[in-house]
Amino acid sequence: MELVILLAMNGLFWGLIVALIALGLSIIFGLLDIINVAHGDFFMVGAVLAWTIIQHVDNFWLAFFIVPLVGLLLGAVVERIVMRPIENSASLSIVAAFGLSLIIQESVRATFGATPKRILDPIGVTVPFFDTSYDVYRFVAAFISVVAIGAFFLFLHKTKFGTWMRAVRQNREMAVAMGVPSNIVFMVTFGLGTGLAMLGGVVAAPITSVEFRLGLDVLPICFIAVIIGGLGNLPGTAAAAVLLCFMEGVVTSFTEPTTARIVSLVLMSVVLLLRPEGIFAERKR
Amino acid sequence: MNSRHSNFSFCSFTSLFFRYGYILVASLLVLLPLQLADYQQIFVAEIFIWGLFALSFSLVYGYGGMLSFAQAVFFGFGCWGFNVGTFYFDFSIWGSLVCAFLAATVFAVPIGFFATRVRQHHFLIVTVIVSVLVVMILASGHYRWIAGPYVTRSLPSAPEIPFGFFSLSYANELVAYYFTATMVSLGVFLAYRLISSPFGKSLLALKDNAMRAQLVGLNVNFLRWMMFVAAAGIAGYSGALYALLARYTNLEFFHWTYSGKAVIWSVIGGVQSIFGPFLGTAFYMITNEYLSRYFEQFIVLFGVLMLIILRFAPDGIWGIATRFFRLRG
């Protein structure tokens, strides 16, 4: 029973981080119609940057402020230089994102090195939990993720720019006619998505090991979350990510991890075939 | 924009090439190994095989319009099928090649059935997830009964190719080269027949405008499914040729990063063409051979090159070459 609760909590906290990353993937898809294959690599860059900041400044908390800003800038630049010229072709943009992911991975390998590195737990305090002890940092990580997700939704629904983003998504021509600067909205959206992924990287860095292939494992989970939640459906994506990782945690306590992942993949296939617009979508017809 | 026009003359160039140019290419391929050292002959043969693999991706993406990241799975199942044929059924090389083709095709039928039924964007995600799933199942010790010990088996010694009353050994590099070149040409010929058949033409129609193709009376899902399966068969065939030549098979061939390599090769070479993928593969492998000594992360350069090609010449090196020749008259 203790194991179940422990793994479920791990799953829940990991799910909140994944929700952060998947949200970025989802807004980029919803607005720009790009399946960003490089998204996992942005997550990896976040973790690597956090490691670099610790090496130079020896202050982990600084990373929480710097890295998302770097992500915002990086994403905006990438959107402008790489994605804008081929925005009319969805499949070309996916291939371009794949090229981008290669560039990111190999440049990180060239500079950061190929060996995995660990970040020490920045809090270093554990609480007793049944027979074992549990890192306080995981609670903090979950808290930060929740705050970031909340802030993102506030931004989307309460600010002028968020309204613009939703407007461009609903009807781009009409929004442009109303004076919404859609090009800037696209750049900022891609930047926000990237920033969320990189923030996720910082939050996850002390929990996982930091290496240049980190993104390869996260990307499929985010894909599943985005599909189950419904492509472009933001609250659905976040909920699906948390639910999925929680469920995987619980299933892992009964069987081995491969079977747990297979269960979630099968679940995804079923959702995809029966309700391609996601389980949280309203029935339209 | 200008795709219709360039497509037209591109087709006529291709048909002209196929009428006369194949003699040129064939004689080049026959004469080439005489100028090469032994290890270079094997290297060129490897380029042919990976080029065929890239071509199978081009069939799915360039002609079928489906961005598939599951090609590597079928390459891997080709290796696996070859091993099953050789070690389990004790077939000769011919039987094992057929076995590899069948293995890839059989696995592609259910995967393709589900993957081609979902919307365009979901297709990529489904193929990525399928390959992750396959790798995970094969890697975990709990599901060994599915693939048996045949994923990582390799031939113990250079294989003999039986031709009835005599046989040739792969230990001779020239034999390996010519045999691989012949078998790859066979694959290329099959692919060419496929895309120039009414089936291939209707796929192109479907890629340009799925709605219109449906209204004309084409069964969109079925056509996509069949193309997916056919391309998977060719990928599996190339996997078997690789297992034969390199005498090495591994789980890594199933991973979607290998499909990514096929994407790089065929995008750089030219997606909607027969020879483009081979050009892209040759370019990549030769650059790899010479650049990686000085600059290990040369793949960064390929990423940049890919972005530039996507931006300025989406039809790749082959497209640039055909345009160049057209300008010359």
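Ser68(B) lies in the loop between helix 2 (38–63) and helix 3 (71–88) of chain B; helices (H or I, at least four residues) and strands (E, at least two) are DSSP runs, numbered from the N terminus. The model is predicted, so local features need pLDDT of at least 70 and side-chain atom pairs count only at pLDDT 80 or more, while totals for chains, interfaces and linings use all residues. Residues are numbered from 1 along each chain as its sequence is written, and chains are lettered from A and ligands numbered from 1 in the order in which they are written.

With 34 other C-beta atoms within 10 Å, Ser68(B) is buried. A residue is buried if 20 or more other C-beta atoms lie within 10 Å of its own, exposed if 12 or fewer, and partly exposed in between, with C-beta atoms placed from the backbone. Apart from its neighbours within four places in sequence, Ser68(B) is in contact with Phe57(B), Val60(B), Tyr61(B) and Thr127(B); two residues are in contact if their C-beta atoms, placed from the backbone, lie within 7 Å. Pro149(B) is 81 residues from Ser68(B) along the chain, and the C-alpha atoms of the two are separated by 27 Å.

Chain B contains 14 helices and 2 strands. Its radius of gyration is 20 Å, close to the 20 Å that the globule rule gives for 329 residues, so chain B is as compact as a globular protein of that length. The radius of gyration is taken over C-alpha atoms, and the globule rule is 2.2 Å times the number of residues to the power 0.38. Along the principal axes, the C-alpha atoms of chain B fill a box of roughly 55 × 50 × 45 Å. Of the 329 residues in chain B, 47% are buried. Among contacts in chain B between residues at least 6 apart in sequence, 74% join residues at least 24 apart.

Within chain B, the axes of helix 4 (residues 93–115) and helix 5 (residues 120–139) come within 10 Å and cross at roughly 145°. Axes are lines fitted to C-alpha atoms, for helices over the stretch in contact, and angles run from 0 to 180 degrees between N-to-C directions. The crossing of helix 4 of chain B and helix 5 of chain B is right-handed; a crossing is left-handed if the near helix is turned anticlockwise from the far one by less than a right angle, and right-handed if clockwise. Helix 4 of chain B contributes Ile111(B), Phe114(B) and Ala115(B) to the contact, and helix 5 of chain B contributes Phe123(B), Val126(B), Thr127(B) and Val130(B). By class, the residues of this contact are 6 nonpolar, 1 polar and no charged. Ala, Val, Leu, Ile, Met, Phe, Trp, Tyr, Cys and Pro count as nonpolar, Asp, Glu, Lys and Arg as charged, and the others, Gly among them, as polar.

Chain A has 11 helices and 2 strands, in the order α-α-α-α-β-β-α-α-α-α-α-α-α along the sequence. The radius of gyration of chain A is 19 Å, which agrees with the value near 19 Å for a compact globule of 285 residues. The C-alpha atoms of chain A fill a box of roughly 60 × 50 × 35 Å, taken along the principal axes. Buried residues account for 50% of the 285 residues of chain A.

In chain A, the axes of helix 1 (residues 2–32) and helix 5 (residues 136–158) come within 9 Å and cross at roughly 30°. The two helices are therefore roughly parallel to each other; angles under 35 degrees count as roughly parallel, over 145 as roughly antiparallel, 65 to 115 as roughly perpendicular and the rest as oblique. Helix 1 of chain A passes helix 5 of chain A in a left-handed crossing. Residues of helix 1 of chain A in this contact include Phe13(A), Leu16(A) and Leu23(A), and those of helix 5 of chain A include Arg138(A), Ser145(A) and Phe152(A). The contact has 12 nonpolar, 1 polar and 1 charged residues.

Asp33(A) is in the loop between helix 1 and helix 2 (39–57) of chain A. Its phi is near 65°, a positive value in a residue other than glycine.

Between the chains, 34 residues of chain A are in contact with 31 residues of chain B. On the side of chain A that touches chain B, helix 4 (90–112), helix 9 (214–229) and helix 11 (257–274) of chain A each supply at least two residues. The largest share, 15 residues, comes from helix 4 of chain A. By class, this side of chain A has 25 nonpolar, 5 polar and 4 charged residues.
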